Amino acid sequence: WSVNFDVEGHFRPGYRIEELRGKLERAGFEIEQLHATYGWIETITNNISYWITGARKRNKTLYALVFPVLNFLSWFGRNAEPEKGAGVLAVARKPERPSEPKETR
């Protein structure tokens, strides 16, 4: 498998889960969810899409014909939380600071 980072708008390979966990925790976030996404099914359909279009809006007719099938196949992986995946999902929040006492006059 090749890395598709010659796609316009993609500027870096991304983070690994533990790297992202560390960055979020150092920034003071509480992590609610952190897991891999985009498992093997989505990776295959994405690679087929990339093979057809080259991420350059080429072969539009072929892609339009194949897209419903790729989308349907990807649907099967939508709720999976794979151990390894092509993406990382993080849901985190900054804890609220205790409010400062208000001055009374």
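**Fold.** I am working from a predicted model. Along the sequence I read the pattern α-β-α-α-β. I then checked the contacts between residues at least 6 apart in sequence: 74% of them join residues at least 24 apart.

**Burial and surface.** I noted that 20% of the 105 residues count as buried. The chain exposes about 9000 Å², and carbon and sulfur atoms supply 55% of that area.

**Nonpolar patch.** Which residues form a nonpolar patch on the surface? I listed Val 69, Phe 72, Leu 73, Trp 75 and Phe 76, with about 520 Å² of accessible area together. I placed Leu 73 in helix H3, residues 60-75. Leu 73 is partly exposed, at a relative accessible area of 36%. Trp 75 is also partly exposed, at 44%.

**Aromatic pairs.** For Tyr 63 and Phe 67, the ring centres are 5.8 Å apart and the planes stand at 55°, so I logged the pair as tilted. Both residues lie in helix H3, four residues apart, about one turn of the helix. Tyr 63 is partly exposed at 24% relative accessible area, and Phe 67 is partly exposed at 39%. For Trp 75 and Phe 76, the centres are 5.2 Å apart and the planes stand at 75°, so that pair is edge-to-face. Ring pairs link Phe 72, Trp 75 and Phe 76 into a cluster.

**Charge over a ring.** My last entry is Lys 94, which lies over the face of Phe 29, at 5.2 Å from the ring centre.

Methods: Residues are numbered from 1 along each chain as its sequence is written. This is a predicted model: local features need pLDDT of at least 70, side-chain atom pairs count only at pLDDT 80 or more; totals for chains, interfaces and linings use all residues. Side-chain values use heavy atoms; hydrogens and water are left out. Helices (H or I, at least four residues) and strands (E, at least two) are DSSP runs, numbered from the N terminus. Buried means under 20% relative accessible area, exposed over 50%, partly exposed in between (1.4 Å probe, protein chains only). Contact means heavy atoms within 4.5 Å. Accessible areas come from the Shrake-Rupley method with a 1.4 Å probe; for residues, only the protein chains shown count as cover. Patches are made of residues with over 30% relative accessible area and no salt bridge: like charges are joined within 9 Å, nonpolar side chains (Val, Leu, Ile, Met, Phe, Trp, Tyr) within 5 Å. A salt bridge is a side-chain nitrogen of Lys or Arg within 4 Å of a carboxyl oxygen of Asp or Glu. Rings of Phe, Tyr and Trp (its six-membered ring) pair if their centres lie within 6.5 Å; planes under 30 degrees apart count as stacked, over 60 as edge-to-face and the rest as tilted. A charge sits over a ring if NZ of Lys or CZ of Arg is within 6 Å of the ring centre and within 35 degrees of the ring normal.
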